[in-house]
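Please look over the sequence and the model shown here first.

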Amino acid sequence: MAKLDNTRKWAVVVSILLMLSKVFGFIREVLIANRFGASQESDLYYAATNGIIIVMGILGSGLQTTLVPIFTDIKRERGREGKNKFFASITSVTLLIATLLIALVFIFARPYVRILAAGYEGELHDIVVYLVRLGLPMVLFLCFTYISNAYLQSDEVYGPHALMGIPYNFIFIIYLLVVKRPTITGLMIITLIASSSQFLIQIPALRERRAKFYFSPSFKDENVLKTFRLVLPVILSSAVYQLNMLIDKSLASTLSEGSMSALTYASKVNTMVISVFVVAITSVVFPKLANAVSNRDELETGRLFSSSLNLVALVVIPSCVGMMILAKPIVEILFQRGRFDELATTLTSGALLYYAPGLVGQSFRMPLENMYYSIKDTKTPMITGIVAVVINIIFNFILIKLMAHRGLALATSISSIASSIILYIVIRKKLPFNELKVLINLLKIAVASSIMGIFTKLIYSALIRLVTGRMAMAMVLFVTIFIAIIIYVVSAVILKVEDTDTVIAILKSKLTRRK
């Protein structure tokens, strides 16, 4: 139990650090919305950045999760020196592959953008091509970031990962505040510079462990081959997911001006919970799962897995309910200023309303996939990902006709929930854990969230009628959210939801220590 309590404590610490990073991230998004709005300019920028994310996602998404258990095994078998040697080797090989991928996308940027943004013709098409080519070097920086992060997480070092968002967002904030007339070209250059900072912040922790990069590609190294054997299904799964993302954005480019930006803004609000809490939980639990599996400790593995599901549910389910009820006021308070007008608020809040249910599916998918990766099963998440993408594409074409950009958001939610259900059903046969206890806890959380949701709707509707003015409306929103959290926590305590008392105790102890 001591190990489990330590896991929970680290999850809270990392959550706090990530929260600080995400505060800066939201300031960044608010400033972008203020300076560009949901406009054609922002649509072009987001189309280009999505194109680069797709390239990076194909290679990078599988590296971090696949490398954590491999780094753990190498350290146990060969010690620090062997782990550092493998770090240099896998980084060299990955950079060679990334460079080849960048070259291909650079050469074939025009047909790539033709697929990426089918609705853009002529000058608009040329601008997206230019922006994609300009931002491609960030793929190299992100490769360094993913591999370094996997190395540090396998040592159960979480600080650099939690902090890297602060310099990244701060660079954007300086540009958007200092430059009087920011352009999307300038914004892409800043994106490139900010991406490099994510790797640089990890260097002190790497140097402390004597991890150095030197060009040493070894395609015959047993562990390098093992990495790419394991990562290949993840890459294929990611490629299918990126194809799905490409279709989403390409369809969005055929809709009214601002649709792509509205989907992007809404998605970032929706994934804040994932970025702060779920990533914190999974990044702390995953290395411990890898160790437990490596040591063949089934009891500890089951406990960690159950705890990760409970902690995710504790945060995500009420967040989903709250965002669905308060979608419009959240978007209005966060973004509606400058060039982000009432129409942009309507577009974005409509997307957020239908993205919110998918938050549950996306959040549970992370600990579920990590469990598979810990037992070195990368095929099941790949197959599940393909099924999810097929579901998403089918619903995209059905719902876009009925609901425009909101249909794309709803299709994403449906597919993410479906994939999580499939992953859960399959893992039950592979891992012994107290399933009944987990399901009862989920039911209690759902009841507590429903109680909170009813009161949230009633409280906000009653208070908003009494005020006028932006500041007063913001205060009503914050007061409503604060009261909703209290109602949820009280409900969870009364229902004896597992881990609620643990999180409260950790927060109390930290506050007492500070005092």
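## Terms and model

Helix axes are lines fitted to C-alpha atoms, over the stretch in contact, and angles run from 0 to 180 degrees between N-to-C directions. The model is predicted.

## Helices H16 and H17

Helix H17 spans residues 379–403, and its axis comes within 8 Å of the axis of H16. The two axes cross at roughly 145 degrees.

On the H16 side, the contact is made by Arg365, Glu369, Tyr372 and Tyr373. H17 contributes Thr380, Pro381, Thr384 and Gly385. By class, the residues of this contact are 3 nonpolar, 3 polar and 2 charged.

## The second largest pocket

The second largest pocket holds about 260 Å³ of space.

The lining has 10 nonpolar and 2 polar residues, and no charged ones.

## Cysteines

How many disulfides does the count come to? The count is 0, where a disulfide would be a pair of cysteine sulfur atoms within 2.5 Å.

Buried means under 20% relative accessible area. Cys143 has a relative accessible area of 0% and is therefore buried. Cys320, at 8% relative accessibility, also counts as buried.

Methods: Residues are numbered from 1 along each chain as its sequence is written. This is a predicted model: local features need pLDDT of at least 70, side-chain atom pairs count only at pLDDT 80 or more; totals for chains, interfaces and linings use all residues. Side-chain values use heavy atoms; hydrogens and water are left out. On a 1 Å grid over the protein atoms alone, a cavity is a set of points where a 1.4 Å probe fits but cannot get out, and a pocket is an open set with protein on both sides within 12 Å along at least five of seven lines; lining residues have an atom within 4 Å of a point. Grid points are joined across faces, edges and corners, and a volume is the space filled by probe spheres set on the points. Ala, Val, Leu, Ile, Met, Phe, Trp, Tyr, Cys and Pro count as nonpolar, Asp, Glu, Lys and Arg as charged, and the others, Gly among them, as polar. Helices (H or I, at least four residues) and strands (E, at least two) are DSSP runs, numbered from the N terminus. Contact means heavy atoms within 4.5 Å. Buried means under 20% relative accessible area, exposed over 50%, partly exposed in between (1.4 Å probe, protein chains only).
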